[in-house]
Amino acid sequence: KPWPGTSWWDPWAGLLPAQITQRWSPFFSLLQNNVLNRCVWATRQQLRTAIITWNERTYHRRRKQSRL
């Protein structure tokens with residue numbers, strides 16, 4: 001249901017923290033296997049850039065193709 005005073009619906013409303021964690025687990029597992037475990041990162045900034053790049057390539061590509 002929408003938050004009071006807004007028109008948007010919150011998909012996480014009514015879920016327990018354990019349920020939210022369970023829904024995010026596959027994403028973090030893929031992230032760990034495809035980015036974190038690939039090499040030793042010299043800086044946090046390099047890791048951050050790698051995570052963002054992986055996310056953009058993986059998920060934004062799928063979203064663009066689904067519109068076709």
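The predicted model holds 4 aromatic pairs, a pair being two rings of Phe, Tyr or Trp (its six-membered ring) with centres within 6.5 Å. Trp 24 and Phe 27 form an edge-to-face pair, because their ring centres lie 5.5 Å apart and their planes meet at 80 degrees. Planes over 60 degrees apart count as edge-to-face, those under 30 as stacked and the rest as tilted. Trp 24 and Phe 28 make a tilted pair, at 5.9 Å between centres and 40 degrees between planes. Trp 24, Phe 27, Phe 28 and Trp 54 form one aromatic cluster.

Trp 24 and Phe 27 both belong to helix H1 (residues 17-36) and sit 3 residues apart, about one turn. Trp 24 and Phe 28 are 4 residues apart in H1, also about one helical turn. Helices are DSSP runs (H or I, at least four residues), numbered from the N terminus.

H1 is kinked by about 40 degrees at Trp 24, shortly before Pro 26. The bend is the angle between axes fitted to the seven residues ending at a residue and the seven starting there. The end C-alpha atoms of this 20-residue helix are only 24 Å apart, whereas a straight helix would reach 28 Å. That expected span is 1.5 Å times one less than the number of residues.

Trp 24 is partly exposed at 37% relative accessibility, and Phe 28 is partly exposed at 46%. The buried residues of H1 are Phe 27, Leu 31 and Val 35. Buried means under 20% relative accessible area, exposed over 50% and partly exposed in between (1.4 Å probe, protein chains only).

Residues are numbered from 1 along each chain as its sequence is written, and side-chain values use heavy atoms, without hydrogens and water. In this predicted model, local features need pLDDT of at least 70 and side-chain atom pairs count only at pLDDT 80 or more, while totals for chains, interfaces and linings use all residues.

Key: Helix = DSSP H or I, 4+ residues; strand = E, 2+ residues; numbered from the N terminus.
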